[in-house]
Amino acid sequence: MKRIDSCVGPCRRRHFSTKYTARVTGASADGRTVSVTVEAPKLDQDPRGYPLPRHHLICTITQLLNSQPHSSFDPHSPHISQLVQTPTPPLTPSEVSEILKNLTHPYKAIKFFQYCPSQLPDFRHDCFSYNRLLLILSKATSYPDCYSLIKQVVEDMVHSGARGNISTVNILIGVFGGKEGGLDELRRCLGLVRKWGLKMTGYTFKCLLQAYLRLDELDKALQVYKEMRQLGHKLDIFAYNMLLDALVKALKVELTYKIFEDMGRVHCEPDEYTYTIMIRMTGKLGKSEESLELFQKMLKNVPNPSVIAYNTVIQSLTRGRMVEKVVFLFFKMIENNCRPNEFTYSLLLNALVADGQVGRLLEVISLSKKYINKSIYAYLVRSLSKLGHASDAHKLFCNLWNEHEKGDKDAYMSMLDSLCCSGKTAEALELLSQVHEKGVEADTVMYNKVFLALGKSKQLSHLHDLFEKMKQAGLVPDIFTYNILLSSFGRAGNVNEAVKCFEELEKSHCTPDIISYNILINCLGKFGHVDEAHMRFKEMQENGISPDVITYSTLIECFGKTERVEMATNLFDEMFAQGCFPNIVTYNILLDCLEKCGRTAEAVDLYVKLKQQGLTPDSITHTILERLQNGTHGKLRIRRKNPITGWIVSPLS
């Protein structure tokens, strides 16, 4: 059988002159009913006349309540009822408060709180037991309907006539400050202060000020600050920092300076966070010298600032283009064994780039080598590449390659992307073939980047070789791979290879998408295989792929180029029937076709239709209209690139 009459800790060392006796029935391990006699000291009083809690009784009841799982918790069970109702005199509110304090689950606390006045004769909760329950619920915000329960407890407190104290108000301010609807609740809290005739303490003012700040009610927070200062109350450093931070965010500069000075008057020493707030503000105001002065003052009280403090002042100096001081401060940071993070290096990079001293980055990195990791290397390589400093990115990448046995895939991706974008395909191919040496496996995305670069430079032989290497390495080409290859062959005018690639795509695990068909149709039509392009158009429809405006525009252009006007106009009409509405490019293509063939009346009708659709004519449209008005069917044509394939799909010459 569980022992329920034992008590641990200081309860054993208490000495009382009188005792009460209670007999409690429990169940033993073999299922037999066993009675236990529990003795606990009777209630005494302290010298001030307040009743002393009976710790032995409190411990015994607490253990019994906590022994029940909260899912089946029932304070009305015979064991609990017998123990709670037997003592003479009965449990007092202060004893109930102690029991509530030690319960392990808010549900048990609520149930026991409700149980006491319903089962104990003449028992009434006082402000201390109410405060205890409110405190328990305030720390259990994940408990279902927690805030509603807190409101119910307060209503019950008011209804029962229990007079709260200032601690009650402090708890409620802490609960509702920053919550949705919190402003109304704070008004109710202040109403309770008046109702109960309470005097607000410095701590209450601080809680109220912080609550208003969490609710973004800066003006109300400032009113509280003014009132408490008039009454001689002081804020602690945390509240001051919270107020200063809100003022800086609201761009109330003069008031920020004033309250920062107030801290000195009340002998509240600024800490690192205070100085960081002020440095951030002066940095945004462009007062870099003042930021540096504040940082130097901070060093007198905080000899080892955090990385956040260093970053803040470095950011301020960067804004002021004080690059030498940025570098000097960074070196001091390293000397003080403060580990820079990725943001530190980004600030440093921005300062060096803005001052045209990117070359110094390697010097900076060499001095902070013990702190720089692969992730930071990757970030710097990526940033330099994006900023157009491909050669510096490559030098840095070589450092990464030599310094670390294991490579960083992000860094390699960034370097590969940089090489491809700058047209250095030989270097990109070499890097792709060597990444496995650093434990990084090349994937399809990497190969696709290089395929794209090779295609743009029309290096088809390298493209073929790399594609075969990719398959030999066990990598499976995806739809992007095939579309890049199709586009590359089409750009180079190698129709046979494009068709062969498309047929391989059809046999692969991938399925041709609308982009694949658009590229192939464009390739076929552009190089005179119009009928085959039309056949592929029909094929995509049979395969359940609906042509889009680019498909129709491309094919209309193909027929227009061969002066098969009827086919072009039929396709244009089909677009509307299929719910695919032409854009200005489509209209320009057909207008150019009709004008070229001398079908002026149809061209004019088409222009009217264009206006009816709500489209705005562009420069190409106006050029065609001028030729129609002049009656000259000139050979000059303005050409526009397809936004998807990059090929020309508007008026052909």
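This is a predicted model: local features need pLDDT of at least 70, side-chain atom pairs count only at pLDDT 80 or more; totals for chains, interfaces and linings use all residues.
**Exercise 1. Work out how α5 is placed against α6 and against α3.**

Solution. Two packed helices are described by the angle between their axes and the distance between the axes. For helix α5 (residues 127–138) and helix α6 (residues 146–160), the axes come within 10 Å and cross at roughly 170°. Angles over 145 degrees count as roughly antiparallel, and α5 and α6 are therefore roughly antiparallel to each other. On the α5 side, the residues that meet α6 are Cys127, Tyr130, Leu133, Leu134, Leu137 and Ser138, while α6 contributes Cys146, Leu149, Ile150, Val153, Val154, Asp156, Met157 and Ser160. Sorted by class, the residues of this contact are 11 nonpolar, 2 polar and 1 charged.

Now turn to helix α3 (residues 93–101), whose axis comes within 8 Å of that of α5, with a crossing angle of roughly 15°. Angles under 35 degrees count as roughly parallel, and α3 and α5 are therefore roughly parallel to each other. The crossing in which α3 passes α5 is left-handed. Here Pro93, Ser97, Leu100 and Lys101 of α3 meet Phe128, Ser129, Arg132 and Ile136 of α5, and the contact has 4 nonpolar, 2 polar and 2 charged residues.

**Exercise 2. Classify the packing of α10 with α11 and list the residues that make the contact.**

Solution. Helix α10 spans residues 218–230 and helix α11 spans residues 237–249; they pack at an angle of about 140°, with their axes 11 Å apart. That angle makes α10 oblique to α11. The crossing of the two helices is left-handed. From α10 the contact takes Leu218, Leu222, Tyr225 and Arg229, and from α11 it takes Tyr240, Leu243, Ala246 and Leu247. By class, these residues divide into 7 nonpolar, no polar and 1 charged.

**Exercise 3. Are glutamine 210 and valine 565 buried or exposed, and what does each of them touch?**

Solution. Glutamine 210 sits in helix α9 (residues 202–214), and at 8% relative accessibility it counts as buried. Not counting residues up to four places away in sequence, glutamine 210 touches Phe238, Ala239 and Met242.

Valine 565 lies in helix α30 (residues 565–577), and with a relative accessible area of 5% valine 565 is buried as well. Apart from neighbours within four places in sequence, valine 565 is in contact with Cys593, Leu594, Cys597 and Arg599. For leucine 594, which is 29 residues apart from valine 565 in sequence, the C-alpha to C-alpha separation is 7.2 Å.

**Exercise 4. Locate aspartate 122, asparagine 337 and alanine 473, and describe what is recorded for each.**

Solution. Begin with aspartate 122, found in the loop between α4 (106–119) and α5. Although aspartate 122 is not a glycine, it has a positive phi of about 60°, and its relative accessible area of 79% makes it exposed.

Continue with asparagine 337, in the loop between α16 (323–335) and α17 (342–354). Asparagine 337 is not a glycine either, yet has a positive phi of about 60°, and at 53% relative accessibility it counts as exposed.

End with alanine 473, in the loop between α24 (460–472) and α25 (479–491). Alanine 473 is exposed, with a relative accessible area of 52%, and its C-alpha atom is separated by 9.6 Å from that of aspartate 443, 30 residues apart along the chain.

Technical notes. Residues are numbered from 1 along each chain as its sequence is written. Side-chain values use heavy atoms; hydrogens and water are left out. Axes are lines fitted to C-alpha atoms, for helices over the stretch in contact, and angles run from 0 to 180 degrees between N-to-C directions. Helices (H or I, at least four residues) and strands (E, at least two) are DSSP runs, numbered from the N terminus. Angles under 35 degrees count as roughly parallel, over 145 as roughly antiparallel, 65 to 115 as roughly perpendicular and the rest as oblique. A crossing is left-handed if the near helix is turned anticlockwise from the far one by less than a right angle, and right-handed if clockwise. Contact means heavy atoms within 4.5 Å. Ala, Val, Leu, Ile, Met, Phe, Trp, Tyr, Cys and Pro count as nonpolar, Asp, Glu, Lys and Arg as charged, and the others, Gly among them, as polar. Buried means under 20% relative accessible area, exposed over 50%, partly exposed in between (1.4 Å probe, protein chains only).
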